[in-house]
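Here's a quick tour of the salt bridges in this model. Have the side chains on display before you start.

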Amino acid sequence: MQLRKPLSLILIAILMFSGTVFLLPAETALAEEGDDKMDEGVAFLIRIENISGDSELPTPFAPGVWVLHSEPGPLFIEGEADKGYGLEALAEDGDPSALAEALNGMGLHAGVFNTPAGAEGPGVVLPGSAGMMGAMPPGNAYEFVVKATPDTPYLSFATMFVQSNDLFVGPGEAGIALFDMDGMAMEGMQDVSAEIQLWDAGTEANEEPGVGGEQAPRQSGPNMGPPEVDGTVRLVDDGYSYPEASALVKVTIDKAMMMDAEMEKDDEMMSDKDDKMMSDKDDKMMSDKDGMMMGDIMLMEEGDTPYTVESGDTLGSISRRAYGASKYWEVICSANGLANCNLIHVGDELMLPSHADAMSKMDMMMMGEKDGMMGEKDEMMSDKDDKMMSDKDDKMMSDKDDKMMSDKDGMMKDDGMMMGDIMLMEDGDTPYTVVAGDTLGGIAKRAYGNVNYWKAICSANELENCDRIDIGDELLLPTQAEAEEMMDSMMMMDDGMDAMDKKDDM
């Protein structure tokens, strides 16, 4: 029986705007960031891609649930009836909320995925198929990150097969192993599609797939079909024809490279880091061979050096191997326009600036902090402060700061004009329309030559969430002078007490 039924625009509209498929708010897509279980472990990026567009039965997939576990069967046991935790609502109506809540209530680490990659909010993922996507909204895959440990080495998930009454796709009850028997984490990107199967939840009587009137795209409301009598969770086998699961979804798992822990360690070891890292050892490494090897990564003397991310890499470790100091991770992140500096993947292609360029860019990034420190010293120096301004303080504000101020003066023209490829007006705010790939840091770098000025842009535009801007947003960019004043003010307010603590330590 040929069941190839390309989805019409009317069906897409029904799925996107009706209540027959449940869509959670975007903020519920992952477990809470403050969850203790999220604070440690190995990070894995999970991608569930809808490739059903070229199958016999193109179908959307609805928001789903994931769970980490050590024992088989957190979602279901094959051959047994649904446990009643919420799998029925997921498989019939695309509502994973009850199941995720129940799993977390049992002490498991579970969450919901519901926002397609590249989309601005929750939705179904649509069939990927050449010639069809141009007429459809973007997003044919769910992506989410989980943090697992050898104590919870298995990942299970389930997502609704929309063109059915109560079918879902996911691995078997044992889940997918993220760690081997020795507790070693999966390395590199792995295609685990062969472990995914099409399951029948056994909770609603099946109709012909893609046709039944009680299936989500066509039913008048949730939970409308007749229940299946004595049904069990099983591989679908109802007499109808279905594509193989491998023709419906492609599932990949990639061990994500997180640098949070390493950077925390670096921060702890580098109190007064500007002076310590520019010690005799660094001075020796950063000699006449500015463009040469600072570690085991050889940099070109001029221009960027291509580098391919390897297993175990972080931006901090790459920086240390290329420049001799992990602090240059910010330069690498900025130079490559990374949306998340904490996340790189094996095989990513990075461009490493020459050592001279990296030093220059690092000086620019540090200027905000230095300006704030100097402003505090001028304004807050009481009699006690005068005593604290010892020979050590004088030395800290000597040749190094003079060099940095000179560099800044050379780059920041008096007329407040272009610092990057965004031309600022001399007087008044400059309008700017957000384009694909923009972040406030990237805009700040192009406008002011310093990614830290994102704070000034956010404040000037009174953004509720400085981490979220959307294509087409209209921003106003302050003049260079106004942005500097705003940064100085914010630095004094936010870092004043920290600066005084540092002075007491010194």
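## Arg234 and its partner

Arg234 is partly exposed, at a relative accessible area of 23% (partly exposed sits between buried, under 20% relative accessible area, and exposed, over 50%, using a 1.4 Å probe and protein chains only). Its salt-bridge partner is Asp200, with the closest N and O atoms 3.3 Å apart. A salt bridge here is a side-chain nitrogen of Lys or Arg within 4 Å of a carboxyl oxygen of Asp or Glu.

What does the pair tie together? Arg234 lies in strand E10 (residues 234-235) and Asp200 in strand E9 (residues 196-200), so the bridge links parts that are 34 residues apart in sequence. Strands, labelled E, are DSSP runs of at least two residues, numbered from the N terminus. Asp200 itself is buried, with a relative accessible area of 0%.

## How the model was read

This is a predicted model: local features need pLDDT of at least 70, side-chain atom pairs count only at pLDDT 80 or more, and totals for chains, interfaces and linings use all residues. Residues are numbered from 1 along each chain as its sequence is written, and side-chain values use heavy atoms, with hydrogens and water left out.

## The other bridges

Searching the whole structure turns up seven salt bridges. One of them joins Arg446 to Asp438, again by closest N and O atoms 3.3 Å apart. Arg446 is partly exposed at 25% relative accessible area, while Asp438 is buried at 15%.

Shared partners link Arg47, Glu49 and Glu143 into one salt-bridge network. Within it, the side chains of Arg47 and Glu49 meet at 3.8 Å, N to O. Arg47 is partly exposed, with a relative accessible area of 23%.

Note on methods. Helices (H or I, at least four residues) and strands (E, at least two) are DSSP runs, numbered from the N terminus.
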